[in-house]
Amino acid sequence: FMEIHEIVIQKLGHVPIVKGDFHMLPKKVQKFLAKWVYTCKPRALYICDGSHAEAEEVTHKLIERGVLTKLKKYENCYLCRTDPADVARVESKTWIATDDKYETVPHVRQGVRGILGQWKHTKEMEEEVNSDLDGCMAGRTMYVIPFSMGPIGGPLSKIGVQLTDSNYVLLCMRIMTRVSADIWEVLGDNDFVRCVHSMGCPRPVQRKVVNHWPCNPDKIMIGHFPARREIVSFGSGYGGNSLLGKKCFALRIASVIARDEGWLAEHMLIMGLTNEKTGEEKFVCAAFPSACGKTNLAMIQPTIPGYKVRVVGDDIAWLRFDDKGVLRAINPENGFLGVLPGTNMKTNPNAMLSFQNISIFTNVAETADGGVFWEGMEDEIDKNIAITNWLGQPWKIGMPGNAAHPNSRFTCPASQCPIIHPKWEDPKGVPVSALIFGGRRPTGVPLVFESYSWQHGVMVGACVKSESTAAAEHTGKKIMHDPMAMRPFMGYNFGKYLQHWLDMEKPDRNMPKSFHVNWFRVDEHGKFLWPGFGDNVRVLDWVLRRCAGDESIAVKSPIGYLPKKGSIDLTGLGDIKWDELFSLPKHYWLDDMRESKLFLEDQVGTDFPQVIWETHAQEKRIEEQ
Ligand code: GDP
Ligand code: PGA
Ligand code: MN
Ligand code: MN
């Protein structure tokens with residue numbers, strides 16, 4: 001012990017601690033800190049306590065420096081414009097480091113470039129980390145953020161400590177995770193997930209700083225060391241790259257912990273629907289790729305009577321079977337980091353009402369009266385008001401280009417959502433009746449279908465595809481594979497992950513039913529066939545009636561159970577082209593199934609578990625149709 005303590009003190013050197021008491025921290029945290037202070041060489045150390053005063057101090061600093069603009073139309077709301085080169089997740093710069101390559105990525109077919117995760121050898125990653133982070137915080141303050149994913153001290157919760165040189169990141173972490181000085185006590189001598197983040201812009205700065213947003217886009221690196229539960233993120237301040245509790249911890253590292261402990265960490269929303277006649281409540285989880293409708297579905301405002309909807313989570317679910325065989329889900333997050341374009345009082349009023357207070361708007365346009373604007377808000381602002389776009393230039397509705405960046409986001413506390421579930425912080429989680437997969441599929445894929453079995457559901461999830469979106473660096477609307485909506489977030493070998501899913505099924509467990517939905521099918525003019533948003537409750541209604549065992553509303557098809565014509569409530573919707581919405585063009589599906597099978601054979605190769613036989617069976621069913 002003495003020895004460790006000596007090293008700690010030596011390594012800290014003369015770095016002043018401007019807030020907090022280093023000696024009160026758990027020993028493992030002291031060691032962790034000492035190591036990174038030694039590497040990053042910050043000017044000062046600031047140990048966060050999650051207090052209100054801390055938020056005020058940091059916010060004030062950010063306003064003074066011009067990073068945040070106070071929005072006078074709201075209370076405690078701020079606008080942030082980043083360097084336009086730092087606006088989305090960077091999947092091409094995201095790595096998982098292990099000693100054994102095949103722990104991280106599958107054995108792909110020879111000559112095929114794997115797309116299910118990027119691997120680096122631990123040694124190589126370490127070298128890169130050490131060279132990039134050497135002196136990376138020079139002239140800057142290192143913030144030490146203790147946080148919990150899940151309610152503090154809960155049996156399913158996990159603790160992390162993030163170091164960062166960005167106070168914007170600190171402010172967002174305070175919203176998105178539970179930051180508190182209580183963490184140190186709950187943690188004690190236990191292990192924690194080690195999170196290190198730097199904007200990669202030490203002083204004196206080498207690169208021109210744009211919008212007071214120091215970053216290092218050319219050298220972005222998001223590295224994960226699952227074996228030692230460590231994350232190192234360099235060069236970017238964008239949420240998915242820098243709020244390490246979210247994608248890096250709650251999905252990539254947690255998926256590895258979940259593999260080892262027998263549960264699932266998934267890219268899923270969690271919502272409760274109470275049947276107003278019977279009073280019975282059912283929970284569903286849904287996995288859609290980034291920017292494909294999770295936040296909107298989780299906060300849905302139903303357009304038909306019959307259900308009271310409440311949100312538990314909008315992006316991540318940790319799922320575990322309890323000792324009664326019931327699948328239970330918690331939302332490990334504390335806030336929402338939601339897409340803004342397309343959000344308005346018609347499409348998602350509950351999101352709009354969630355960010356009227358304590359919220360940060362990143363890369364949106366500003367109105368002259370201290371309000372915000374983005375694509376989709378045209379009918380909700382004063383027509384004559386002057387607008388400044390996300391790049392800081394004067395802007396008018398109807399001008400080419402975007403007022404807000406397509407991946408502009410709000411960050412707000414989940415507790416502010418008017419329909420937040422009273423049990424959203426229940427440490428035991430909520431019981432899950434259905435799992436829903438989906439993506440943006442302009443052609444061929446029906447509004448909804450139900451899988452035949454758990455195993456078939458795993459295949460349906462493994463075959464998820466979607467048009468790419470602005471959430472990551474991919475450009476154009478290319479249809480990409482995004483199995484389980486987890487492609488960018490996998491922490492280990494995808495074949496092993498699919499096997500882990502299959503292994504969830506046990507005779508004494510109450511397996512949820514699984515479904516696939518598609519709100520994005522278009523007609524020959526490119527117009528959506530389904531109104532979406534609040535009307536999606538009509539599909540959830542069908543899903544719940546299936547969960548309740550209604551046999552009369554489904555018909556068998558080669559790809560799963562489809563709704564029997566007329567079994568989805570379309571009251572008040574006008575002209576819905578049912579046949580077009582549910583058609584299964586034979587050639588489309590044959591091609592699609594063969595392509596998906598090939599994709600899985602290429603990409604998962606010899607690691608592919610039995611679900612491959614489901615793809616063969618499905619192909620045969622389509623052929624014989
Ligand atoms: P998330 O990133 O998966 O949480 O997706 P969001 O719920 O934030 O939605 C991403 C984008 O898709 C936003 O621009 C939404 O307005 C749009 N969107 C969400 N749900 C629907 C829907 O049912 N139909 C259509 N057409 N667009 C939707
Ligand atoms: P999203 O979350 O799924 O709400 O888009 C952020 C992301 O996945 O990058
Ligand atoms: Mn997401
Ligand atoms: Mn979302």
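Guide: Before we count anything, a word on residue classes: Ala, Val, Leu, Ile, Met, Phe, Trp, Tyr, Cys and Pro count as nonpolar, Asp, Glu, Lys and Arg as charged, and the others, Gly among them, as polar. This is a predicted model, in which local features need pLDDT of at least 70 and side-chain atom pairs count only at pLDDT 80 or more, while totals for chains, interfaces and linings use all residues. Residues are numbered from 1 along each chain as its sequence is written, chains are lettered from A and ligands numbered from 1 in the order in which they are written, and side-chain values use heavy atoms, with hydrogens and water left out.

Visitor: How does the shell around ligand 2 divide by class?

Guide: There are 5 charged residues in that shell, together with 2 nonpolar and 2 polar ones. The residues around ligand 2 (one of their heavy atoms lies within 4 Å of it) are Arg89, Lys247, His267, Ser290, Ala291, Lys294, Asp315, Arg409 and Phe489.

Visitor: And what lies 2.6 Å from an oxygen atom of ligand 2?

Guide: That is an N or O atom in the side chain of Lys294, and it is a polar contact in the sense of a pair of N or O atoms within 3.5 Å. Side-chain atoms of Lys247 and Arg409 also make such contacts, each lying 2.9 Å from an oxygen atom of ligand 2. On its own ligand 2 has 270 Å² of accessible area, of which the protein covers 97%; such areas come from the Shrake-Rupley method with a 1.4 Å probe.

Visitor: OK, over to ligand 1: how many residues surround it?

Guide: Ligand 1 has 18 residues around it, and the closest are Ala291, Gly293, Lys294, Asn296 and Pro341. By class, that shell holds 9 nonpolar, 7 polar and 2 charged residues. Helix α10, residues 294–298, gives the most to the shell, with 3 residues; helices here are DSSP runs of H or I with at least four residues, strands are runs of E with at least two, and both are numbered from the N terminus.

Visitor: Which atoms of Ala291, Asn296 and Pro341 come up against its oxygens?

Guide: For Ala291 it is a backbone N or O atom, 2.7 Å from an oxygen atom of ligand 1, and for Pro341 a polar backbone atom, also at 2.7 Å. Asn296 instead uses a polar side-chain atom, again at 2.7 Å. Taken alone ligand 1 exposes 570 Å², and the protein buries 91% of that.

Visitor: Changing topic, is strand β30 mostly covered or open?

Guide: Strand β30, residues 513–517, is mostly covered, since 4 of its 5 residues are buried, where buried means under 20% relative accessible area. Strand β26 (residues 430–438) runs parallel to β30 and is joined to it by 5 bridges, with Gly438 opposite Val517. Strand β27 (residues 448–450) runs antiparallel to β30 with 3 bridges, and there Glu450 has Phe515 as its bridge partner.

Visitor: What's the order in the open sheet of 4 strands?

Guide: The order is β22-β21-β23-β24, with antiparallel pairing, where two strands pair if DSSP finds at least two bridges between them. The edge strands, each pairing on one side only, are β22 (371–373) and β24 (394–395). Between β23 (residues 387–388) and β24 there are 2 bridges, and Ile387 stands opposite Trp395.

Key: Polar contact = N/O pair within 3.5 Å; in protein donor to acceptor, adjacent residues only side chain to side chain. Buried < 20%, exposed > 50% of the residue type's maximum accessible area, 1.4 Å probe, protein only.
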